[in-house]
Amino acid sequence: YTVNTSFTAVEGNMFRIDLVLDGNPIPVDFTWSFNGVELLTSSEITFGIDFIEFSSLSTSNAGNYSVTATNTAGSGSGEFSLVIFYAPMYTVNTSFTAVEGNMYRIDLVLDGNPLPVDFTWSFNGVGLLTSSEI
């Protein structure tokens, strides 16, 4: 197999990787694996001896893939990693009780790939601060 070592794709998109297969005789048996566990065809992932296709990528698809093909002369394999880009997400406690005049700190957990470099705080739909003002 000939394959790039790393691919980057965006969450929610369809994604297909075609491989270049060589062998004499042409291999007829193959196995795909994801992070070392054999893959099974599903409604989200289909594959053949020389391709793998994702109908709609999710972050759970990120990882290491390998395919091994076998013919009467032996076996060969190809490996690649798949990185999934996804929109920023915040995790925060959504309910607070505050006392007027007291200072409070609200901690947010930010996730995204790549990590966001720009953000805006708003209150009741009105922008307060942007990342360049902090």
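**Entry 1: a residue in a loop**

Where is N35 found? I looked it up in this predicted model, and N35 turns out to be in the loop between β3 and β4, the latter being residues 37-38. Its phi is positive, about 50°, although N35 is not a glycine. I also checked its cover: N35 is partly exposed, at a relative accessible area of 43%.

**Entry 2: the chain as a whole**

I then stepped back to the overall layout. The protein chain has 11 strands and zero helices, so from the N terminus on I read β-β-β-β-β-β-β-β-β-β-β. The radius of gyration is 23 Å, well over the 14 Å that the globule rule gives for 134 residues, so the protein chain is more spread out than a compact globule. Along the principal axes, the C-alpha atoms fill a box of roughly 80 × 25 × 20 Å.

How much of the protein chain counts as buried? I find 24% of the 134 residues. The accessible surface comes to about 9400 Å², and carbon and sulfur atoms hold 54% of that. For contacts in the protein chain with a separation of 6 or more, I noted that 55% are between residues 24 or more positions apart.

**Entry 3: the open sheet**

Which strands make up the open sheet of three, and in what order? I read the order as β2-β6-β5, with antiparallel pairing. The edges are β2 (15-18) and β5 (45-48); each has a single partner strand, so one side of each is left without a neighbour in the sheet. From one strand to the next, the twist averages 5°.

A reminder to myself: strands of a sheet pair through backbone hydrogen bonds, either parallel or antiparallel. Here β2 and β6 (residues 51-54) pair in the antiparallel sense over four bridges. I picked out R16 and found that its bridge partner in β6 is E53.

**Entry 4: β3, β7 and β8**

Next I followed the pairings of β7. With β3 it pairs in the antiparallel sense over six bridges, and here F34 stands opposite Y65 of β7. With β8, strand β7 pairs in the antiparallel sense over nine bridges; in this pairing A69 stands opposite G76 in β8. How many residues does the hairpin use to join β7 to β8? I count on two residues for that link.

I stopped at S33, which is found in strand β3. Is S33 buried or exposed? It is buried, with a relative accessible area of 15%. Leaving aside neighbours within four places in sequence, S33 is in contact with E38, L39, N64, Y65 and S66.

**Entry 5: the nonpolar core**

In soluble globular proteins, nonpolar side chains tend to be buried together. With that in mind I went to the largest nonpolar core, which has 18 residues. Those with the most contacts inside this core are F15, W32, L39, I52, F54, Y65 and L82. At least two core residues come from each of β1 (6-10), β2, β3 (29-34), β5, β6, β7 (63-71) and β8 (74-91). The largest share, three residues, comes from β8.

I took F54 as my example. Which residues does F54 touch, leaving aside its neighbours within four places in sequence? My list reads N13, M14, F15, E44, I45, N61, Y65 and L82. F15, Y65 and L82 are also among the residues with the most contacts inside the core.

V83 lies in strand β8, and at 30% relative accessibility V83 counts as partly exposed. I looked at V83 and F7, which are 76 residues apart along the chain; their C-alpha atoms are separated by 6.2 Å.

**Entry 6: cis peptide bonds**

N113 came up again when I checked the peptide bonds. The bond from N113 to P114 is cis, with omega near 0°, and P114 is found in the loop between β9 (109-113) and β10 (120-123). The bond from N24 to P25 is also cis, with omega near 0°. Where is P25 found? I place P25 in the loop between β2 and β3.

Methods:
Residues are numbered from 1 along each chain as its sequence is written. This is a predicted model: local features need pLDDT of at least 70, side-chain atom pairs count only at pLDDT 80 or more; totals for chains, interfaces and linings use all residues. Side-chain values use heavy atoms; hydrogens and water are left out. Two strands pair if DSSP finds at least two bridges between them. Axes are lines fitted to C-alpha atoms, for helices over the stretch in contact, and angles run from 0 to 180 degrees between N-to-C directions. A nonpolar core is a set of buried Ala, Val, Leu, Ile, Met, Phe, Trp, Tyr and Cys residues joined through side-chain atoms within 4.5 Å. Buried means under 20% relative accessible area, exposed over 50%, partly exposed in between (1.4 Å probe, protein chains only). Contact means heavy atoms within 4.5 Å. The radius of gyration is taken over C-alpha atoms; the globule rule is 2.2 Å times the number of residues to the power 0.38. Accessible areas come from the Shrake-Rupley method with a 1.4 Å probe; for residues, only the protein chains shown count as cover.
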